[in-house]
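Trainee: Could we go through the charged side-chain pairs together? I'd like to take them slowly.

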Amino acid sequence: MIEIQHLNMVYPNGVKALKDINLTIERNEFVFVVGASGAGKSTLIRLIGREFLPTSGNIRVFNKDITRLRRREVPYYRRKIGVVFQDFRLLDNRTVFENVAFAMQVVGASARQIRRQVPEALEMVKLTGKARRKAHELSGGEQQRVCLARAIVNKPSLIIADEPTGNLDPETSREIVELLDAINLRGATVIMATHDKEIVDSMKKRVLTLSAGKIIRDEQRGVYNQDAH
Amino acid sequence: MLIRNFIYYIKEAFCSIGRNGWMSFASVAVVAITLLILGSFILLNLNVEHIANEIKEQVEIIARVDENCGPLEVEELRVSLIQLAQVEEVRFVSKEEALVRLKAQLGEFMEGYEQEHNPLRDSFEIRTINPEDVPAVAAEIKKIPGIAAVDYGAEVVDKLFRSTNVIQWVGLAFMIGLAGTAMALIANTIKLTVTARAKEIMIMKWVGATEWFIRWPFIFEGIILGTIGALIPSLILIYAYGEAFSWARMNLYFLPLVAPEQILLDLSKLLLVLGAVIGALGSMFSMRRFLKV
């Protein structure tokens, strides 16, 4: 599903964030990207989300090199992926339902589709009873679950999550990762950047370890390796 | 544009105006104040032009006939004057008629000047097709044999033409400047509302909204705010100019002002279109930077 070849990323300030990354992720995999702060985890996730372009190299997603997408093609690519952010990025003055529906409105879904799919997504993240609450009235864990519902409501086949548990307590973090696991079981590929050792160790998923912009370890059913620090 | 999307854009535009109440108020106030100044200036300029045109229409050349010319020569002179290309109308004023007019104007100062001691000469009153041609035509008439003197209030007329020209150009420059200022002010105010919603725009981009899908609600918001902002000065100007016109007709009856019904409808239409265009362009300019996610 994702094929990355000779990927390099140098930021305008000269920081070399990624160095010659080569990587293949199969359909329906759950992959943790781990490493210390500044290892290049977020850069990799953001490049897959096509937030910006790499300095060199290719990123093939859904059999298409996304580094060659035209500006007007990017929105259509993003509709096929769901994104979960560390800081949730919800619209505070809107309700839970509206925040999730927002992702459907922007892709031109009908009111009927929205009425059908939003409750399904909210049920999946166990927020059915809080649909009418404003986003800012919710706890951090609940807000992240709204973010998850928004990411899955359009039924994407790829979910990318950049430190989704970074602002949450261990118990809530666990709930979020279990939800991501459930989404993965339903058929979506999940790539999650994290430095939460406990979660990574308990899930026994594929673990990519980045250090100073390079992949230093790639293990199936891996654990969080202290070499990352 | 899908009808479903169109309804969404309009709904979003109105919701956004409501959500950003103070910013919306500020945008409307900026448009209203700037267009009120612009509208007042347009009215002022139109009236200056109208008054200048009225005065220009009254400018005429007086050509005095040589004392030695007999009736036959006077008729020949009249024919040669009417044949001049730029001349529209030639009217003969005998010295007797001139004296009667002068007496009517000056009254007791003219006592003692009777027809047998008439110091005046026969003359022609000449109107040109284009008032601006008066100095050139006067110079030409002066060369015709049998014309003793030519008078058109040279200094006054030259000054009038020059100053109305200057007023028109300054007015035009001022109006363009004001429209530009209005646009910059509105763009800035809308930029504040867009900045306040940068997060929303970023989320929209991440969930796959196209750039136009993001732009349209802001453009409609700009159009709505611009139109409301233009409606206020239009109503103020319709009322205020109507009152000013009635007052001037009673107290400054010699001032030929443009009648309200001749200009206010067009001015209101212009301000409304200008408000909508300025609002839309202001929105587009101010959000360019935020679309690069």
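Salt bridges

Mentor: Over all chains, the structure, which is a predicted model, holds 23 salt bridges.

Trainee: OK, which residue does A:Asp65 form a salt bridge with?

Mentor: A:Asp65 pairs with A:Arg68, and the closest N and O atoms of the two are 3.4 Å apart.

Trainee: And is A:Asp65 buried or exposed?

Mentor: A:Asp65 counts as buried, because its relative accessibility is 10% and the cut-off for buried is under 20%. A:Arg68, with a relative accessibility of 67%, counts as exposed.

Trainee: Changing topic, what does the side chain of B:Glu211 meet in a salt bridge?

Mentor: The side chain of B:Glu211 meets that of A:Arg71, at 2.8 Å from N to O. This pair crosses between chains, since B:Glu211 lies in helix 8 (residues 211-251) of chain B, while A:Arg71 lies in the loop between strand 5 (64-65) and helix 2 (74-78) of chain A. B:Glu211 counts as buried, at 16% relative accessibility.

Trainee: How far apart are the closest N and O atoms of B:Glu125 and B:Arg91?

Mentor: They are 3.5 Å apart, and the two residues form a salt bridge. That pair links distant parts of the chain, with B:Glu125 in strand 3 (residues 123-128) and B:Arg91 in strand 2 (residues 87-93) of chain B, 34 residues apart. B:Glu125 counts as buried at 12% relative accessibility, whereas B:Arg91 is partly exposed, with a relative accessible area of 34%.

Trainee: Last one, which residues do salt bridges that share partners join into one network?

Mentor: That network is made up of A:Arg71, B:Lys205, B:Glu211 and B:Arg215, joined by salt bridges that share partners.

Technical notes:
Residues numbered from 1 in each chain as written. Chains lettered and ligands numbered in written order. Predicted model: local features only at pLDDT ≥ 70, side-chain atom pairs only at ≥ 80, totals over all residues. Heavy atoms only, no water. Salt bridge = Lys/Arg side-chain N within 4 Å of Asp/Glu carboxyl O. Buried < 20%, exposed > 50% of the residue type's maximum accessible area, 1.4 Å probe, protein only. Helix = DSSP H or I, 4+ residues; strand = E, 2+ residues; numbered from the N terminus.
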